[in-house]
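Student: I would like to learn how to read the features of a fold. Could you take me through one?
Tutor: Gladly; here it is.

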Amino acid sequence: MTEPIDASCIECGAMFPRSEAASGEGDLECPACGANVVRGIPEQYSALTTEANTRCGACGSTFPRGEAETDIKGVLACPVCGSTSDLEVRDGTDGSGEE
């Protein structure tokens, strides 16, 4: 990924580069769900979504947490095998505070 993850959608939680949120009218729009409630992510937090910080217990793949997001709010899935129950986020970005 060449662009930093620097925006997120308040409605669905998707995280993406701000350039992907630009619409033709100058407003920001979530590329995942189309909502107009997009917020910026401070630069110091952008690295959390671009480093391989998530591991799938089912297939052993590692990937950025942002690649595990699905259309269903709060549900993550392995981008390699599709598992939704065996993901381990290693840096606390899942809100648990555990590393």
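**Reading the fold**

Tutor: The protein has six strands and one helix. Helices (H or I, at least four residues) and strands (E, at least two) are DSSP runs, numbered from the N terminus. The model is predicted: local features need pLDDT of at least 70, side-chain atom pairs count only at pLDDT 80 or more, and totals for chains, interfaces and linings use all residues. Residues are numbered from 1 along each chain as its sequence is written, and side-chain values use heavy atoms, with hydrogens and water left out.

Student: What pattern does the protein follow along the sequence?
Tutor: The pattern reads β-β-β-α-β-β-β.

Student: How do I read a sheet?
Tutor: Strands of a sheet pair through backbone hydrogen bonds, either parallel or antiparallel. Here, two strands pair if DSSP finds at least two bridges between them.

Student: How many bridges join β1 and β3?
Tutor: Three bridges, in the antiparallel sense; β1 covers residues 7-9. For one example, A7 has G40 in β3 as its bridge partner.

Student: Which order do the strands β4, β5 and β6 take?
Tutor: They form an open sheet in the order β5-β4-β6, and the pairing is antiparallel. β5 (62-63) and β6 stand at the edges with a single partner strand each, so one side of each has no neighbour in the sheet. Two bridges pair β4 with β5 in the antiparallel sense. T54 has F63 in β5 as its bridge partner.

Student: Which residues does F16 contact, leaving aside neighbours within four places in sequence?
Tutor: Contact means heavy atoms within 4.5 Å. On that count, F16 is in contact with I5, D6, A7, S8, C9, A21, C30, P31 and V38.

Student: Where is I10 found?
Tutor: I10 is in the loop between β1 and β2. At 41% relative accessibility, I10 is partly exposed. Not counting residues up to four places away in sequence, I10 touches V37, R39 and K73. The C-alpha atoms of I10 and N36 are separated by 8.8 Å, and these residues are 26 apart along the chain.

Student: How many disulfides does the count give?
Tutor: A disulfide is a pair of cysteine sulfur atoms within 2.5 Å. By this rule the count is zero. C30 is in no disulfide: the nearest cysteine sulfur, that of C12, is 3.7 Å away. C30 is buried, at 2% relative accessible area.

Student: How many salt bridges does the structure hold?
Tutor: A salt bridge is a side-chain nitrogen of Lys or Arg within 4 Å of a carboxyl oxygen of Asp or Glu. The structure holds two. E88 and R55 meet in one, at 3.5 Å from N to O. This pair links distant parts of the chain: E88 lies in β6 (residues 87-89) and R55 in β4, 33 residues apart. E88 is partly exposed at 41%, and R55 is partly exposed at 29%.

Student: Which residue does R65 meet in a salt bridge?
Tutor: R65 meets E69, at 3.3 Å from N to O. R65 counts as buried at 17%, whereas E69 is partly exposed at 23%.

Student: Is N53 buried or exposed?
Tutor: N53 is buried, at 2% relative accessibility. N53 sits in the loop between α1 (43-46) and β4 (54-56). Its side chain reaches the backbone nitrogen of R65 at 3.0 Å.

Technical notes
Buried means under 20% relative accessible area, exposed over 50%, partly exposed in between (1.4 Å probe, protein chains only). A polar contact is a pair of N or O atoms within 3.5 Å; within protein, one must be able to donate a hydrogen and the other to accept it, and residues adjacent in sequence count only if both atoms are side-chain atoms.
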